[in-house]
Amino acid sequence: MIQYFNWLPQIETMNGVASIPNELALFTYSDMVKGDTSIIDKLRMPHKFDFFMMIFHFAGSVNLKIDMVEYDLSTPNNSIRIMPSQIVGLESVSADFDAHIVVMSRSFLDNLLVYINGNVSLRPGIRFDAIEPLQSVEVRGLELFVNALRRVLQNDDNPYRMKVVQHVIMAIFYSSERLRDINDNDPARSSADSISRKFLEMVKENFRTQRQLQFYSDALCITPRYLSRVVKETTGSTAADWIERYVVLEARALLKSTDMTIQQISDYLNFPSQTFFGKYFKRRAGMSPKEYRRLG
């Protein structure tokens with residue numbers, strides 16, 4: 001089974017971590033692994049987090065997979081965004097790797113999105129990649145923001161600490177050139193993005209049991225045809241493609257990281273038979289589950 005981590009309470013107890021309990025934590029990678037290298041071993045296998053994570057990679061190199069897509073970051077100065085429930089695997093990390101890491105709970109992120117009125121899109125598939133190379137001016141700006149965030153988090157006596165933290169996080173989002181480029185006030189686009197975000201969140205929660213568009217369109221009170229058009233326009237992929245993508249990503253991770261039989265994986269993903277699952281997987285992955293497992 002893919003491991004599912006909700007580490008916020010554990011993270012908050014580590015040395016060098018500044019936090020608001022159960023809401024947000026800030027730390028550096030080197031502080032996290034100091035004296036506990038077993039954490040790296042845990043992160044090597046495919047897993048999911050129950051929180052949103054922003055990683056500002058400023059030293060060394062790292063190779064990781066996000067939703068089974070491999071990223072080889074051989075040079076520093078990268079922004080990495082990981083959404084709740086994305087499949088992540090740490091392939092390798094250099095001895096000198098380091099990064100600032102901001103972890104936000106689902107509730108903190110949801111409140112932030114409401115607070116900024118949806119102007120910055122943070123959902124997977126909506127207009128930006130998980131990895132974004134940073135320009136030197138952005139690196140300097142992020143260092144300032146991270147230091148400011150740490151100072152605010154450490155000031156427990158400030159009754160407005162949460163509000164200040166929200167503003168600092170918003171400043172980080174809005175400082176991104178990419179996010180400024182895609183932001184607009186078109187009501188039609190905002191509505192379409194809202195539908196796509198809701199659809200993707202529903203797929204993440206239900207793809208193991210619900211693979212028909214009718215289920216999602218009924219829940220959103222729109223027609224399957226309209227849902228398909230909106231999702232295609234906003235994400236570049238059809239609604240059906242997104243459903244298949246989540247199913248096959250989960251299957252690939254289970255085939256690679258567990259000793260579950262193909263029949264067990266088929267049952268876990270609620271396919272009517274192993275044969276049906278095999279055909280479904282091969283159509284999307286280009287090979288059978290057995291071949292995929294064998295190639296590793």
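1. A residue is called buried when its relative accessible area is under 20%, exposed when over 50%, and partly exposed in between (1.4 Å probe, protein chains only). The model is predicted, so local features need pLDDT of at least 70 and side-chain atom pairs count only at pLDDT 80 or more, whereas totals for chains, interfaces and linings use all residues. Residues are numbered from 1 along each chain as its sequence is written, and side-chain values rest on heavy atoms, with hydrogens and water left out.

2. The structure holds 11 aromatic pairs. Rings of Phe, Tyr and Trp (its six-membered ring) pair if their centres lie within 6.5 Å; planes under 30 degrees apart count as stacked, over 60 as edge-to-face and the rest as tilted. Phe 199 and Tyr 216 form an edge-to-face pair, at 5.5 Å centre to centre and 80 degrees between the planes. This pair links distant parts of the chain, 17 residues apart: Phe 199 belongs to helix H8 (residues 187-206) and Tyr 216 to helix H9 (residues 213-220). Helices (H or I, at least four residues) are DSSP runs, numbered from the N terminus. Phe 199 is buried, at a relative accessible area of 0%, and Tyr 216 is buried at 0%.

3. The pair of Phe 271 and Phe 277 is tilted, because the ring centres are 5.1 Å apart and the planes stand at 55 degrees. Phe 271 is buried at 5%, and Phe 277 is buried at 1%.

4. A charge sits over a ring if NZ of Lys or CZ of Arg is within 6 Å of the ring centre and within 35 degrees of the ring normal. Arg 211 lies over the face of Tyr 280, 5.9 Å from the ring centre. The charged end of Arg 245 sits over the ring of Trp 242, at 4.2 Å from its centre.

Note on methods:
Helix = DSSP H or I, 4+ residues; strand = E, 2+ residues; numbered from the N terminus.
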